[in-house]
Amino acid sequence: MGGLLQYFQDHPLALPLFLVMFTAIIAVHEFGHYLTARLLGMRVLEFAFGFPPRLLAIRHGGIDYSVNALPFGGFVRILGQDDFSIEQVGAGEPGSFTSKPWWAQAIVLASGVVMNFILAIAVLTVAFAAGTPTSTGQVRVDRVVPGSPAEAAGIQPGDIVRSIDGQPMTKTGDLVNYVRTHADKEVKLELERNGRPVTITSMPRAQPPEGEGPLGIVLGEVTTNEPVPLPQAFIQAVGLTGDVMQQIAELPGQLLNRAPGTQGPPPVGGPIEIFRVTAAASEFGLPTFLKLVGVISVNLGVLNIIPFPGLDGGRLFFVLLGAALRRRISPQVEAAIHAVGFVLLLGLLVVVSVADIRRATGG
């Protein structure tokens, strides 16, 4: 824990920057709910920055625009929408969430996630247009572990991996996944060394030593830092958004397939790890920081749309289920399920935060 406290002391501006960034991302998410609710005739009660206790509020048009003491995120309150209350005040009244048709409710629930993706693509476009480290589509061998299959096969640091078994390799993750699924099988690598093609065969290990991969190589992606025209920056922003979504979709399988006895925290990060990455990214300038904002916004959007109780995706699931059944699910049952889901999410947050602390302190 001492190492973590030292990290806070060494980066005094990182925490305020992290809180502003996270609150801004969530505020944009909540603005999606706020805007669509108002456009669809729902009565918005409050648009809040942070969480209570309340510090100040301005009332305009019947809506409280508040600033709260806990500067982490925010929320929007809509009449008749209280997922954790058995008796939902205002439910069924004109202008309430539940008085509107199911499709209107679905739009409001999904709009926050849509805003996350809009924000991500916007800031990533700016980052790429301004010039930020961008992959060139070349995977480079940065280090070869002594005594590994890669060393025995003749792979050298600086080699560019063009393909494996005829499949082009443009991302380190694709290469890692391929050799993991082909352990104890001979693979053929097409490399580029000093501008010349080199063909090498090797056999990835099924059970490599701790800290080493199946081949025993450390990979990196060749990047460029040149600004690009706005249309190309937009295309790269959309591409990176898709890449992040794909990585999140693959994460559950990677966690489930994690080898028994694997040491160290799982390859997921929570608030503390995001704080550490924020501090690091801020030192590389505004474009890199904006790139981080975009990636985190995509992550929050994808996680929020998962049909899990307590999340927007869980609420959307109940709305769509009610539409399919032509009747609303019992508010009491739904409230209880969302409450349980919220508790489970808090538990997951604790587990991930413990992993963050272990990672930050070298545990």
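Of the contacts between residues at least 6 apart in sequence, 64% join residues at least 24 apart in the chain. Contact here means heavy atoms within 4.5 Å. The model is predicted: local features need pLDDT of at least 70, side-chain atom pairs count only at pLDDT 80 or more, and totals for chains, interfaces and linings use all residues. Residues are numbered from 1 along each chain as its sequence is written, and side-chain values use heavy atoms, with hydrogens and water left out.

The chain holds 10 helices and 8 strands. These are DSSP runs numbered from the N terminus, with helices (H or I) of at least four residues and strands (E) of at least two. Buried residues account for 41% of the 363 residues. Buried means under 20% relative accessible area, exposed means over 50%, and partly exposed lies in between (1.4 Å probe, protein chains only).

Helix H8 (residues 286-305) packs with helix H3 (residues 102-130) at an angle of about 160°, and the axes are 8 Å apart. Axes are lines fitted to C-alpha atoms, for helices over the stretch in contact, and angles run from 0 to 180 degrees between N-to-C directions. H3 and H8 are therefore roughly antiparallel. Angles over 145 degrees count as roughly antiparallel, under 35 as roughly parallel, 65 to 115 as roughly perpendicular, and the rest as oblique. The crossing of H3 past H8 is left-handed. A crossing is left-handed if the near helix is turned anticlockwise from the far one by less than a right angle, and right-handed if clockwise. H3 contributes residues including Val113, Phe117, Leu124 and Ala130, while the H8 residues include Pro287, Lys291, Val298 and Ile305. By class, the contact of H3 with H8 has 17 nonpolar, 5 polar and 1 charged residues. Nonpolar covers Ala, Val, Leu, Ile, Met, Phe, Trp, Tyr, Cys and Pro; charged covers Asp, Glu, Lys and Arg; the others, Gly among them, are polar.

Helix H2 (residues 14-39) also meets H8. Their axes come within 10 Å and cross at roughly 50°. H2 is therefore oblique to H8. H2 passes H8 in a right-handed crossing. Leu17, Met21, Phe22, Ile25, Ile26 and His29 of H2 touch H8 residues, among them Phe289, Ile296 and Asn304. The contact of H2 with H8 divides into 10 nonpolar, 3 polar and no charged residues.

Threonine 241 lies in helix H6 (residues 230-256). Its relative accessibility is 5%, so threonine 241 counts as buried. Leaving aside residues up to four places away in sequence, threonine 241 touches Phe117, Ile121, Leu124 and Val298. Phe117 and Leu124 also belong to the H3 side of the contact with H8, and Val298 to the H8 side.

Backbone exceptions were also examined. Most residues other than glycine have a negative phi, and most peptide bonds are trans. A cis peptide bond joins proline 52 and proline 53, with omega about 15°. Proline 53 is in strand E1 (residues 44-60). Aspartate 165 has a positive phi, near 50°. Aspartate 165 sits in the loop between strand E4 (160-164) and strand E5 (167-168). At 32% relative accessibility, aspartate 165 is partly exposed. Arginine 326 also has a positive phi, near 65°. Its loop runs between helix H9 (312-325) and helix H10 (331-360). Arginine 326 is exposed, at 78% relative accessible area.
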